[in-house]
Amino acid sequence: MPQLPAQYTQEPEIGPITQELRASLAKTWEGETGLRGWLGTVDHKILGIRYIITAFVFLILGGLEALVMRIQLAGPEQTLLTPEQYNELFSMHGITMIFLYALPILSGFSIFLFPLLLGTRDMAFPRLNAFSYWVFLFSGLFIYASFLAGAVPNAGWFNYPPYSLKQYNPGMNIDFYALGMILLGISTTTGSINFLITFLRLRAPGMSLNRTPVMLWGTTTISVGNLLAVPAVSLAFFLLWLDRQYGTHFYGVEEGGKPLLWQHLFWLYAHPWVYIIVLPAMGMVSDILPVFCRRPLVGYSLVVLATVTTMILGFGVWVHHMFATGIPFLSLSYFSGASFIITIPSAVSVFAWVATIWVGRPVIKTPFLYSASFIVMFVIAGVSGVMTASVPADLQLHDTYFVLAHLHYTIVGINLFGVLAGLYFWFPKMTGRMMNERLGVIAFWFVFFGFNLTFLPMHWTGLMGMPRRIYTYPAGTGWDLTNMLTTVGSFVMAFGILLVLINVMQGRWFGKRAGPNPWDAPTLEWSMPSPPPVYNFAVQPMVASRHPLWEDRLGEGTGRTALDRGPMLDKGKQQLITSMFDSEPLLVSKVASDSLWPFFATLTMTGFFAALLFHWPYAAGVLGVLTLLCGFFWNWPHAQLEQVAGSQNA
Amino acid sequence: MPETTHEIPDEQRDISFGRLPLGSTDARGNGWFGMAALVVTEACLFAYLLFSYYYMAFHFGRDWLPDELPGFKFSVPMTALLFTSSAVVWIGERGIQKGRNWICVAGLSGGALLGIAFVALEAVEWADKDFTLSTDSYASLYFTVTGFHMAHVVGGVLMLLTMALWAALGKFDAHRRDPISIAAFYWHFVDAVWIAVFTTIYVTPHLFN
Ligand code: HEM
Ligand SMILES: [Cu+2]
């Protein structure tokens with residue numbers, strides 16, 4: 001590296017945490033107030049919580065859609081819904097749950113937690129972080145605007161052509177979905193870049209890769225997965241949109257199109273997606289369980305390795321969703337075999353969790369209950385997954401309620417239960433208050449029993465041959481009882497979720513004050529006040545082991561983690577960048593201040609997509625140029641960010 | 001610079017990180033790595049586009065291709081333009097590294113002009129075709145693949161022009177020049193992708209003959 005002029009360097013001052021330091025940091029980091037502050041904030045803690053709340057709202061919308069479907073299916077020959085309405089409901093339910101709840105909610109937790117767990121002050125690209133949030137919100141609004149336009153997507157979340165082509169779906173319905181998904185893809189991509197670079201470069205000095213909490217590994221792994229897979233689905237939807245609007249021939253059978261091309265592009269993303277929505281949740285459970293078992297996770301390295309391996313293998317099995325499409329036998333065998341192999345890393349994680357509980361002394365609190373039941377769901381989902389991974393069984397079970405049961409055990413069991421564990425666990429950190437434990441346990445049992453009552457009988461419904469995506473069924477098929485149980489169960493579960501919400505509100509406003517570390521947990525976020533101050537860490541922590549707050553107890557590590565004395569980095573909004581593998585200090589970077597550009601860019605970009613939807617080329621042109629201009633001003637070099645020649649204001 | 005290791009001593013009194021670069025300097029800020037990640041996902045986008053092309057090509061075989069295969073009349077000059085532009089942009093980047101602002105401005109705008117010429121030539125080739133986007137699946141893929149690449153060239157041109165403007169305004173010097181390296185990186189990527197597109201669209205069909 002060439003010698004830098006002195007004015008472009010700085011020696012971070014080392015010092016203790018003092019009242020003055022806190023006051024001056026608070027002044028530097030304080031965002032703007034009022035509407036400007038609200039729309040322009042780049043604070044990862046605020047953005048993370050917004051992400052979580054938004055995704056939860058979508059969970060509730062998707063849940064209401066599910067309940068309506070369940071009323072319709074409670075008994076034979078119901079007439080609450082028309083077939084078309086049923087199509088729209090199950091499509092929107094799937095779209096909402098998959099794209100607007102399951103993935104974003106984990107991003108929300110990660111955005112809140114990344115800098116806190118890593119011992120730094122904000123993400124690598126704070127403005128991009130705000131942008132990801134706004135784009136996520138607006139893509140959700142975009143897709144839901146289809147209800148206002150009376151053109152709701154109706155071809156399922158998988159949206160197979162030819163049914164999703166214009167001949168069969170002439171309105172704007174599928175276009176809402178297609179363009180909204182491209183918009184959402186932009187949010188996911190920018191978010192993933194942010195996670196990846198934050199993980200690689202912002203870990204506290206000393207937090208080498210083998211000392212990094214599992215949750216961060218999960219999110220980082222899937223961020224790489226997203227970078228590799230999201231383009232496939234964005235492209236799939238873009239080509240579909242071209243087919244529908246400009247008469248191209250990608251998916252229709254006439255003029256050399258191939259409907260299976262859609263399936264390949266779609267499942268190339270949508271299979272890895274399963275891991276994208278479960279690996280961070282598995283990471284959360286891996287970090288939560290040890291806290292309540294009062295001992296470190298058994299087999300940390302194996303669990304991390306399993307996480308990464310699962311993602312890699314996940315890219316090789318997409319065709320197992322296409323067993324019934326008549327593809328060649330060789331291909332079937334390969335993809336079936338590969339799907340079996342994925343169970344190995346999953347089993348490794350399960351054994352690690354069970355062993356952690358086994359050798360620990362579990363303290364049964366709500367987060368522990370959710371984590372422990374998470375393991376049970378994981379196993380059930382895994383077993384039914386092995387059944388569908390076997391070609392002969394799958395040909396029988398394909399498109400029956402059995403698959404639906406498997407899918408919900410996977411998604412609800414491994415995603416929602418993980419999320420609820422995380423919610424109860426990190427709630428004190430987010431709000432500074434505890435949730436009511438008694439109510440938490442009651443809500444848990446409703447969710448747990450409701451969930452199993454809903455989806456366990458579905459296995460039988462499926463084995464008895466009830467196809468999915470039918471809006472009703474005749475009497476006398478023998479499906480009545482299990483369907484009734486399922487409907488009752490879904491309402492019990494919904495009631496449980498309602499109790500969780502009440503619990504959240506009650507905790508937020510009336511909960512007991514939480515100290516810095518109410519669970520006696522070992523990771524860095526618990527070393528700071530709850531809720532954390534704007535600048536997170538007053539001095540940059542220096543980490544000497546995997547469990548910085550348990551060092552006394554465990555006697556592991558090479559030295560002592562330093563939490564109350566260290567680099568102060570108080571000359572402006574600064575944070576430390578460290579090397580990728582060993583986390584040695586590399587440079588001091590400036591953190592961007594609040595900005596309205598990410599919000600404006602989202603507005604104009606969403607407008608651009610809306611103009612495409614309505615076929616307004618001139619408006620689209622203008623909005624496109626405006627979006628680029630927003631980017632131009634957003635990235636304008638600033639002396640204050642140490643991006644301009646000759647500047648030095650530290 | 002005193003060495004620090006990730007083994008933090010028990011006594012933290014005399015720990016020191018030494019002088020560290022401040023802000024985005026040539027020590028590679030986060031921006032460059034962010035761009036690298038973006039390039040990875042964009043590269044995947046092209047991989048999926050080309051996957052779609054080959055998927056159809058292998059399925060339908062020779063009949064799928066048009067009677068008149070895409071030739072080299074335009075595509076070879078286009079390739080030459082892009083390669084030259086990469087070199088010119090590289091010279092521009094070297095310019096700022098040596099603190100010569102005007103070389104940088106000239107290099108970046110020169111690269112952008114060559115990029116614009118590329119787009120113009122491609123537009124001429126498009127107009128020259130006797131099929132349209134909606135003729136058949138080959139035509140759809142031809143226009144989509146080349147169109148996607150063209151859009152990336154346009155994006156790169158805009159980046160280069162922005163950097164040229166900022167360099168002309170004296171925003172950068174030999175050490176504060178991260179954005180220029182980042183834009184140049186993207187530009188080289190766009191050129192590299194062209195090789196894959198060129199091979200797929202212009203070269204492989206002749207192998208089938
Ligand atoms: C109370 C909880 C839930 C109930 C009662 C429920 C019920 C249903 C029902 C009735 C269907 C449609 C069946 C059909 O006709 O094919 C369905 C489909 C689906 N559900 Fe759920 N669900 C619940 C929660 C969730 C959650 C939390 C997720 C994901 C995070 C999810 C993801 C899906 C997906 C992906 C489909 C397939 C949609 C399609 O075929 O396009 N569900 N669910
Ligand atoms: Cu799969």
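I began with the burial of one pair and found that Glu642(A) and Arg176(B) are both buried, where buried means under 20% relative accessible area, exposed over 50% and partly exposed in between (1.4 Å probe, protein chains only). I note that this is a predicted model, in which local features need pLDDT of at least 70, side-chain atom pairs count only at pLDDT 80 or more, and totals for chains, interfaces and linings use all residues. Residues are numbered from 1 along each chain as its sequence is written, chains are lettered from A and ligands numbered from 1 in the order in which they are written, and side-chain values use heavy atoms, with hydrogens and water left out.

**Entry: salt bridges**

I looked up how Glu642(A) and Arg176(B) meet, and their side chains form a salt bridge (3.4 Å, N to O); the term requires a side-chain nitrogen of Lys or Arg within 4 Å of a carboxyl oxygen of Asp or Glu. This pair crosses between chains, from the segment after α19 (617-634) of chain A to the loop between α4 (137-168) and α5 (178-208) of chain B. Helices are DSSP runs (H or I, at least four residues), numbered from the N terminus. I also recorded one network, in which salt bridges that share partners join Glu13(A), Asp570(A) and Lys571(A).

I then searched the whole structure and found 11 salt bridges over all chains. One of them joins Arg244(A) to Asp175(A), with the closest N and O atoms 2.9 Å apart. Arg244(A) lies in α7 (residues 214-246) and Asp175(A) in α6 (residues 173-201), both of chain A, so the pair ties together parts that are 69 residues apart in sequence. Arg244(A) is buried at a relative accessible area of 2%, and Asp175(A) is buried at 2%.

I next examined Arg468(A) and Asp399(A), whose side chains meet in a salt bridge (3.9 Å, N to O). Arg468(A) is in the loop between α15 (437-463) and α16, and Asp399(A) in the loop between α13 (391-397) and α14, all of chain A. Arg468(A) is buried at 14%, whereas Asp399(A) is partly exposed at 27%.

**Entry: ligand 1**

I counted 24 residues around ligand 1, the closest being Tyr86(A), His93(A), His408(A), Ile411(A) and Arg469(A); a residue counts if one of its heavy atoms lies within 4 Å. A polar side-chain atom of Tyr86(A) lies 2.5 Å from an oxygen atom of ligand 1. For His93(A), such an atom lies 2.8 Å from a ligand nitrogen atom. I found that α4(A) gives the most to the shell, with 7 residues.

Notes: A polar contact is a pair of N or O atoms within 3.5 Å; within protein, one must be able to donate a hydrogen and the other to accept it, and residues adjacent in sequence count only if both atoms are side-chain atoms. Helices (H or I, at least four residues) and strands (E, at least two) are DSSP runs, numbered from the N terminus.
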